[in-house]
Amino acid sequence: MALALPIRTRFAPSPTGYLHIGGLRTALYSYLLAKQNNGQFILRLEDTDLKRQVEDAAEAIYSGLKWAGLNYDEGPDVGGSFEPYIQSQRLEIYRERADKLVKNGNAYYCFCDETTLEQMRQEQIAKKQAPKYDRRCLKLSKDEIQTRLKNNEPHTIRMKIPDNRVIEVNDLVRGKVTYNTNELDDQVLLKSDGYPTYHLAVVVDDHLMEISHVTRTEEWLPSTPKHILLYEYFGWTPPQWAHLPLLLNPDKSKMSKRKGDVAVEDYIKKGYLPEAMINFLAFLGWNPGSEKEIYSMEELLKDFSLEKVHKAGAIFNIEKLNWYNQYYIKQVPLEELAKLCIPYMQGSGLIEKFPISNFQFPNKFQIPNSKKEVDFDWLKKIVALEQERMKYLSEIGESTKFFFHTTEYDKNLLIWKDSPEEEIKNVLQKLLEILEKISQDSFTKEKLQELIMPEAEKFENRGLMLWPFRAALSGQKASPGPFEIAEILGKEETIEKVKKAIEKLQISPNPSSYQVRGRL
RNA sequence: GGCCCCUUCGUCUAGCGGUUAGGACACCACGCUUUCAAUGUGGUAACAGGGGUUCGACUCCCCUAGGGGCUACCA
């Protein structure tokens with residue numbers, strides 16, 4: 001085996017304003033490859049398209065990677081010995097390299113403007129030819145080039161692709177792929193605005209930054225022969241390539257913004273845990289070959305290997321992500337989970353926001369539009385009830401709102417199966433009597449259960465009492481059980497809610513709901 | 001259109017010449033159960049098609065079909 005060079009990988013997104021979920025997986029694989037070999041993982045921003053500049057776009061990338069635990073050793077915001085890591089700050093470097101290629105005859109000036117090129121393309125398409133630059137500027141005389149340059153005519157620098165050569169790409173996941181240079185276009189390397197295209201910049205930077213393994217998605221495979229040629233022109237040793245399968249929409253098209261949530265930020269907002277996201281993403285295109293499905297980052301570092309990466313694209317299946325997330329939510333210690341839930345409770349208006357500058361975690365939380373104040377332990381109890389029900393953290397607002405506010409519900413919700421309203425009312429009356437006898441001090445789940453269950457058992461089906469009880473407290477079709485809710489609510493509020501339910505049943509039935517109930 | 005890549009249950013996948021084609025998600029049924037969730041048990045469900053090679057093909061080769069990517073002074 002050859003002496004192994006230090007492994008350096010990079011994640012090189014273009015800052016578009018958000019971190020793409022597919023980008024995160026690419027970053028993950030790159031990170032794993034570097035870190036499992038004691039190598040370095042680098043972040044580089046490829047902002048070479050002026051038309052797509054987005055203000056503060058880098059921030060989403062930094063924070064998304066950090067959220068996922070993909071800490072980079074070098075990058076724009078952390079520095080490193082190959083600075084700068086932002087391509088728009090390296091323009092001189094690319095210009096210099098491009099000039100060198102022109103000097104060596106591997107590239108040439110092109111003065112064609114966009115309309116000329118577009119016209120050319122249209123004509124070629126009309127003639128059913130493959131659109132390709134016709135090299136008209138390659139035929140320009142030295143003198144003409146000189147005068148046009150002197151006149152400051154806008155121009156680009158194009159790569160000169162050799163005729164009829166077979167270029168072999170040796171890809172770590174795809175094996176050997178060959179291309180004939182006749183199919184390649186004379187790629188623009190330096191644009192007329194002085195910015196490099198991806199192709200120039202990526203080759204120059206990967207070389208200068210001593211990247212050993214280029215991991216990127218499959219869409220780049222067709223341009224790899226151009227990159228190989230550039231390495232050759234420069235006299236550099238190319239890196240190893242690994243072209244990863246694409247992440248697909250359910251309709252099998254490349255995942256895009258138009259077809260659903262594609263920004264990591266969206267998933268954070270929804271309340272996905274980084275552990276779940278990493279585990280899920282890792283398995284989209286790779287698996288250990290065993291039946292183990294739960295993987296922490298440490299375990300991934302141990303078992304991940306490029307050889308086991310798939311070739312076919314993988315559909316981003318949100319159901320599976322949900323399952324992973326639910327699994328990981330159940331693993332989080334309650335104290336921590338409750339803390340994680342607080343921003344979501346604030347976001348949905350369950351509790352007041354507190355100043356972010358407050359480093360101190362508050363002891364008391366205000367409930368909006370109410371004088372009520374609750375403490376962290378109380379919130380923790382609520383979170384405990386939801387822990388095994390939540391698919392993602394943002395559900396907490398909807399599923400627990402009845403603990404915080406009085407909520408409206410249809411009185412039919414109180415009806416157990418086909419029981420007459422009158423009977424439900426009596427049951428709730430009976431329940432009320434029991435509740436009133438319990439002191440606030442012993443208003444616990446256990447005590448309530450001890451006193452109420454025997455009463456409920458007297459009915460043919462205990463649901464006759466337990467259902468209306470639960471419905472009265474939650475006002476929801478689905479919720480935790482009545483005893484758990486009652487304990488958290490406390491005696492006063494529990495009784496208030498039961499009374500309210502009884503009142504509902506006393507109001508004369510409104511005709512429409514009567515019909516909805518149906519006599520069928 | 002041209003070039004390239006890909007193809008096992010609906011989805012993520014195991015399989016690397018001989019398996020009752022395995023697992024997970026989802027789905028369905030049953031159990032537990034006041035609802036939901038969780039959980040337990042069981043179930044439905046796949047080798048794109050056609051040729052070869054071979055004693056034997058999901059596995060190797062070829063063709064076809066289907067899907068995807070690229071084909072910009074975007075990445």
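N38 is exposed, with a relative accessible area of 73% (exposed means over 50%, buried under 20% and partly exposed in between, with a 1.4 Å probe and protein chains only). You are looking at a predicted model, in which local features need pLDDT of at least 70 and side-chain atom pairs count only at pLDDT 80 or more, while totals for chains, interfaces and linings use all residues. Residues are numbered from 1 along each chain as its sequence is written, chains are lettered from A and ligands numbered from 1 in the order in which they are written, and side-chain values use heavy atoms, leaving out hydrogens and water.

**Stop one: around N38.** Keep N38 selected and check its backbone: phi is positive, about 60°, although N38 is not a glycine. N38 sits in the loop between α1 and β2 (helices are DSSP runs of H or I with at least four residues, strands runs of E with at least two, numbered from the N terminus).

Four bridges join β1 to the parallel strand β2, residues 40-43 (strands pair if DSSP finds at least two bridges between them). Follow the chain from β1 through helix α1, residues 21-35, to β2, and you trace a right-handed β-α-β crossover; with the strands pointing away from the viewer, such a path runs clockwise from the first strand over the helix to the second.

Select E83 and P84, which are joined by a cis peptide bond with omega about -10°. P84 is in the loop between α2 (57-68) and α3 (91-103). Then go to E210, in the loop between α6 (198-208) and β8 (213-217). E210 is another non-glycine residue with positive phi, near 55°, and is partly exposed, with a relative accessible area of 49%.

**Stop three: RNA strand B.** Select the residues with a heavy atom within 4 Å of the strand: 66 surround RNA strand B, and the closest are R174, N287, E388, R389 and R462. By class, 24 are nonpolar, 15 polar and 27 charged. Helix α11 (318-331) is among the elements supplying at least two residues, and gives the most, with five.

Which part of the RNA faces the protein? Zoom in on E388, where a backbone N or O atom lies 2.4 Å from a sugar or linking oxygen.

Conventions. A polar contact is a pair of N or O atoms within 3.5 Å; within protein, one must be able to donate a hydrogen and the other to accept it, and residues adjacent in sequence count only if both atoms are side-chain atoms. Ala, Val, Leu, Ile, Met, Phe, Trp, Tyr, Cys and Pro count as nonpolar, Asp, Glu, Lys and Arg as charged, and the others, Gly among them, as polar.
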